[in-house]
Structure formats: structure tokens, C-alpha cells
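Please walk me through how the features of a protein model are read, one at a time, with the criterion behind each term.

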Amino acid sequence: MNLKKFVKAGVSIAAIAACFSAQAGSNGVTVTVAADKQSLKKDDDVVLKVTITNTSAQPQMVLKWHTPFAGIEEHIFEVKRDGVDVPYLGAHYKRPAPTAKDYFLLKPGASHTARVEISSLYDMTVTGDYSIKYHAASANLFTRSYDAKGVVATSAEVGEIESAPVSLWIDGLHARGTKIGTPFEMAKHQQNPSPMGLSFSNCTSSQASTVSSAISAAKTMANNSVNYLNAGTVGNRYKKWFGSYTSSRYSTARSHFANIKAALDTKPVVVDCSCKQSYFAYVYPTQPYKIYVCNAFWSAPMTGTDSKGGTMVHELSHFNIVAATDDHAYGQSAAASLATSNPTRALDNADNHEYFAENTPFLN
């Protein structure tokens, strides 16, 4: 049952919010994964049945973006071939902070199942033993309360649900042990598909002009970020978005922004304007440097929080060859909480990079 139907059944928003568990971690939500086949040939799709169950005595709201209930739009599976990680080939999206409508309601004891095909999202072309498990971790994964406008409360701790692995044998297109190359290696050695600089795909002249301004704003943000980090500053700005200082983490942040600046200054960035979805933008992390901008991008401010310029920084950070960030938290509140609770994960979160670069409100 979804949230709308639950409310129609006579339960008020306030009553629902009051009964959500205050637990961290899984909140009593479990997940199981089963494969349609345990042995597959090269032309077979890998199809999984994913069941998410609320084993707690309280209703739980789970972020749809980290479930397969409306298709897979995040890196929610961990795939290994002969014990080695198989990279995610799907898209990473910049979204607004979630509201109540972005959550799936599981009543106590309820389960929901989806069948999904994942062989298009992970490279399973090499013969071998595969291990696949569901793993979702996000500061926004669960919510316990929200206001009348649907704005959800941010948890101070990362929610996480994980299945046991399922094992498969795949007789793939390539012999066992074939080295395909990691996405980083393939991107590093690929020939540039277009000359250095900015180009456009499916953009009107007006859209191209707007994107050009966004890239200029992103360059200013990246330059400012690099100057801050190269100076060794550990002020409130750094602590707000990347948490407590260690030399290793600081070095990682400096490297990430150096790569973002280099991408903006020296790489063939292509922006595609054809997306009509509600997101800000998305990229395929193994396909630098193409950025797809969507509906929310066009109404965003040029600079400031969740801006056009910041969106470019966010998306560039996703490319494996740049910073290989993921999406562990959405929105300023969740990103700031993540920096406090898990600085290492904040350094792997695209929104934290964007908010550090936008620096709004201004921090030293």
C-alpha cells in the first residue's frame, strides 16, 4: 500500500509520522534476492526477484530511489565475478531532497516484491562465478517524520539494508579471466570523442547559452574550491561538508576538486538537453564527459544552493575518472549530517562536493 492510500484509509499524516521507528540501521526492514536461473548462457538476461519486508511492529517508509520498485535508478547491487567487483554501468542522478511522496510505505509485516533485469547495469560478459547482493545505504533511506508539506526529517545516521548474496554461474561472451579493463582504465586511455571544450547535443540556442553560463559558474566554483584546499584551509566550510579533518581525507578532497577543475578546463564536456524527467541531471559514470540535464536544471538559480553551476560540479564528480562519487545523501541537511556521522562517506557523496563548491551560505 502506498502512502496516499494509507492516508485515505483514515490514518492522519501526524499519526503516521509519530509511529515510525527511531532505530538506526535497517529499522527492521530486510531484503532477500533470488535469481530466476543459477546457470546462465551468454544470451541470457540476469533476472532477480527482490523482496523487501518490514519485520518491525511499526510502519516504515523506504526511499523509492534505493529500491527496485520503480525500476533501478541507483547503484543498489554489489556484483562480484570470481571475487572481484564488477563496476556499475547505470546512471547517477542529481535529485532534489526527497519529500514524503518519494517514499514507499511498508506496513508492519508487509512485503513488496519486484523482478528486475540487471545485466544491462553491470558487465557480466565474462565467464565466471558471480555473487550478487542488494545493498542500499543512504542518509535519506528511511524517514520517521515529515511536515504538512511533505518535507521529511533528516536522520543523523545512515540507513542501510543488505541481502545475503546469491550465486550464479555465467557462461559469458568472453573466456574466464579475460581482462576487460576497469571503467577508469578505459576512460583514461580512450581517445577524445570530440575536441577539448564544451559542446551540445539536442539543445536549442537558448539552452546552449544557459548551459555555457552554467559551465562558467562551475569553473568559478571549482577554482575557488581548489584554491581553498591547496591553501590547506580547514575551516567551517570544510568541516560542514566533509567532516572532521584527517590528512588522508583532506588529500582526497583536494584530488577530487583538482580533477573536477581539470575536467572543466581541459576535457571535451558534452551537455545533452533532451531529458524531460524531473531530475536536475544525470550521467553514466563510465562515460565521461557527457552530462544530461533535465527539467529541474532549467529552473535552478545560476549560483547558490542546488544551482546550475553546482549541478555541473555534482555530475562531473560522478565520473569514475574524476572522483567516482555516489549518492548517499540528498539535499543540504542530509549532506551536512552525513559529514558529521560519516566523513569518509561524505567524500564519496556528490551533493557534499556540490555544496562545498557552491558555499551557500558562505563559510570560511
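Predicted model: local features only at pLDDT ≥ 70, side-chain atom pairs only at ≥ 80, totals over all residues.

Q: How is a sheet read, and what is the order of the open sheet of five strands?
A: Strands (E, at least two residues) and helices (H or I, at least four) are DSSP runs numbered from the N terminus, and two strands pair if DSSP finds at least two bridges between them. Here the five strands follow the order 7-16-17-15-14, with mixed pairing. Strand 7 and strand 14 (197-201) are the edge strands, each pairing on one side only. The twist averages 25° from one strand to the next, where axes are lines fitted to C-alpha atoms (for helices over the stretch in contact) and angles run from 0 to 180 degrees between N-to-C directions.

Q: Which strands in that sheet run parallel, and which antiparallel?
A: Strand 7 and strand 16 pair in the antiparallel sense over three bridges, with lysine 94 opposite alanine 281 in strand 16. Strand 14 and strand 15, in contrast, run parallel and are joined by five bridges, with glycine 197 opposite proline 268. Strand 15 also pairs in the parallel sense with strand 17 (residues 290-293), over three bridges, and there valine 270 stands opposite lysine 290.

Q: How does one judge whether the faces of strand 15 are covered?
A: In a regular strand the side chains alternate between the two faces of the sheet. Burial is then read residue by residue: buried means under 20% relative accessible area, exposed over 50%, and partly exposed in between (1.4 Å probe, protein chains only). In strand 15 (residues 268-272), five of its five residues are buried; Pro268, Val270 and Asp272 lie on one side, and Val269 and Val271 on the other.

Q: What is the order of the open sheet of three strands?
A: The order is 1-3-9, with antiparallel pairing, and the edge strands are strand 1 (29-35) and strand 9 (111-117). The twist averages 20° from one strand to the next. Strand 1 and strand 3 (residues 47-54) pair over seven bridges, and the bridge partner of alanine 34 is lysine 49 in strand 3.

Q: How are aromatic pairs classified, and how many are counted?
A: Rings of Phe, Tyr and Trp (its six-membered ring) pair if their centres lie within 6.5 Å, and planes under 30 degrees apart count as stacked, over 60 as edge-to-face and the rest as tilted. By this rule the count comes to 19 aromatic pairs. Tyrosine 93 and tyrosine 282 form a tilted pair, 5.2 Å centre to centre with 40° between the planes, and this pair links strand 7 (residues 92-94) to strand 16 (residues 281-283), 189 residues apart. Both tyrosine 93 and tyrosine 282 are buried. Phenylalanine 242 and phenylalanine 257 form an edge-to-face pair, 6.5 Å centre to centre with 65° between the planes, linking helix 5 (residues 236-242) to helix 6 (residues 247-266).

Q: Where are the cis peptide bonds and the positive phi values?
A: Another joins threonine 360 and proline 361. Asparagine 27 has a positive phi near 55° and counts as buried because its relative accessibility is 3%. Alanine 324 also has a positive phi, of about 55°, but counts as partly exposed because its relative accessibility is 34%.

Q: Which residues line the second largest pocket?
A: A pocket is an open set of points on a 1 Å grid over the protein atoms alone, where a 1.4 Å probe fits, with protein on both sides within 12 Å along at least five of seven lines; lining residues have an atom within 4 Å of a point. The lining consists of Trp65, Glu73, Arg95, Pro96, Ala97, Thr99, Lys101, Asp102, Ser278 and Tyr279, and the volume is about 180 Å³, taken as the space filled by probe spheres set on the points, which are joined across faces, edges and corners. The lining residues divide into four nonpolar, two polar and four charged, where Ala, Val, Leu, Ile, Met, Phe, Trp, Tyr, Cys and Pro count as nonpolar, Asp, Glu, Lys and Arg as charged, and the others, Gly among them, as polar.

Technical notes
Residues numbered from 1 in each chain as written. Heavy atoms only, no water.
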